[in-house]
Amino acid sequence: MTVLTWSDDRVEQLKKLWEAGLSASQIAAELGNVTRNAVIGKVHRLGLSGRAKSPSTSAAPRQRKARPAQHMMRVSRPVSRGNTALAHAFEVEMEPDPIAYDNVVPMSQRLSLLELNEATCHWPVGDPSSPEFFFCGGKALTSLPYCAHHSRIAYQPASDRRRQPAKPTR
């Protein structure tokens, strides 16, 4: 491997070619026995950032070629989205929960954050910044943080959520 030093003549030639707008590859070929990366490195070390604009470049941006419209065919396939790991855990154990139906929770069942445990429903009700905020507190399903009613709300299959229109608020 030959180590080539940049002589004053080669540096002057590099500067002239760079100012003329030649690319680093073209300059390397013109100088001979030097790589494109060596030219880029030397230009950087010399601080030669300004370049003469070639006549082919203009201030106006290049026009993009119009692409013909492509028709994409999408193949539908069954997709499971959402929390599918817990989806089967509560389906078997589901029984109607008369206590916490339609977000009506009896006063005796309501819990604060400090009163929650693994056996109680962690479903938040209301605005956390208001004094009336509470958690459902119903009997939680095994290995889930919610009661049967709130588990049905929390763990809906994605396809069911998309098909059902939003329920009007009373």
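User: How are α1 and α3 oriented to each other: roughly parallel or roughly perpendicular?

Analyst: This is a predicted model. The α1 and α3 axes come within 11 Å and cross at roughly 90°. Angles of 65 to 115 degrees count as roughly perpendicular. Therefore the two helices, α1 and α3, are roughly perpendicular to each other.

User: Which residues of α3 does α1 meet?

Analyst: On the α1 side, the contact involves Val11, Leu14, Lys15 and Trp18. Their partners in α3 are Val39, Lys42, Val43 and Leu46.

User: What arc do the buried residues of α1 cover around the axis?

Analyst: The buried residues in α1 are Arg10, Val11, Leu14, Leu17 and Trp18. They sit on the same side of α1, because the arc they cover around the axis is only 130°.

User: Which exposed residues are on the face of α1 turned away from its buried side?

Analyst: The buried residues of α1 pack against α2 (24-31) and α3 (36-46). Turned away from that buried side is a face with exposed residues. These are Asp8, Asp9 and Lys16.

User: How far does α1 reach from its first C-alpha to its last?

Analyst: Helix α1 spans residues 8-19, which is 12 residues. At 1.5 Å a residue, 16 Å is expected. The model comes close to that, with a reach of 16 Å.

User: At what angle do the axes of α2 and α3 cross?

Analyst: The axes of α2 and α3 come within 8 Å and cross at roughly 105°. That makes α2 roughly perpendicular to α3. The contact is made by Ala24, Ser25, Ile27 and Ala28 of α2 with Arg36, Val39 and Ile40 of α3. The crossing angle asked for is roughly 105°.

User: Which helices do the buried residues of α3 pack against?

Analyst: In α3, the buried residues are Val39, Gly41, Lys42 and Val43. They pack against α1 and α2.

User: How many residues does the largest nonpolar core have?

Analyst: Its members include Trp123, Phe134, Tyr146 and Tyr155. Cysteines belong to it too: Cys121, Cys136 and Cys147. A second, separate core of 11 residues includes Leu14, Trp18, Ala24 and Ile27. The largest core has 12 residues.

User: Is Asn33 buried or exposed?

Analyst: Asn33 is found in the loop between α2 and α3. Its phi is positive, about 60°, although Asn33 is not a glycine. The cut-off for exposed is over 50% relative accessible area. Asn33 has 65% relative accessibility, so it counts as exposed.

User: Where is Ser143?

Analyst: Ser143 is not a glycine, yet it has a positive phi of about 65°. At 64% relative accessibility, Ser143 counts as exposed. Its place is in the loop between β2 (134-135) and α5 (148-154).

User: What pattern does the protein follow along the sequence?

Analyst: The protein has six helices and two strands. Of its 170 residues, 25% count as buried. Among contacts with a separation of 6 or more, 52% come from residues 24 or more positions apart. Read along the sequence, the pattern is α-α-α-α-β-β-α-α.

Conventions. Residues numbered from 1 in each chain as written. Predicted model: local features only at pLDDT ≥ 70, side-chain atom pairs only at ≥ 80, totals over all residues. Heavy atoms only, no water. Core = buried A, V, L, I, M, F, W, Y, C linked by side-chain atoms within 4.5 Å. Buried < 20%, exposed > 50% of the residue type's maximum accessible area, 1.4 Å probe, protein only. Helix = DSSP H or I, 4+ residues; strand = E, 2+ residues; numbered from the N terminus. Expected span 1.5 Å × (residues − 1). Arc of directions from axis to C-beta. Contact = heavy atoms within 4.5 Å. Axes fitted to C-alpha atoms, helices over the stretch in contact; angles between N-to-C directions. Parallel < 35°, antiparallel > 145°, perpendicular 65-115°, else oblique.
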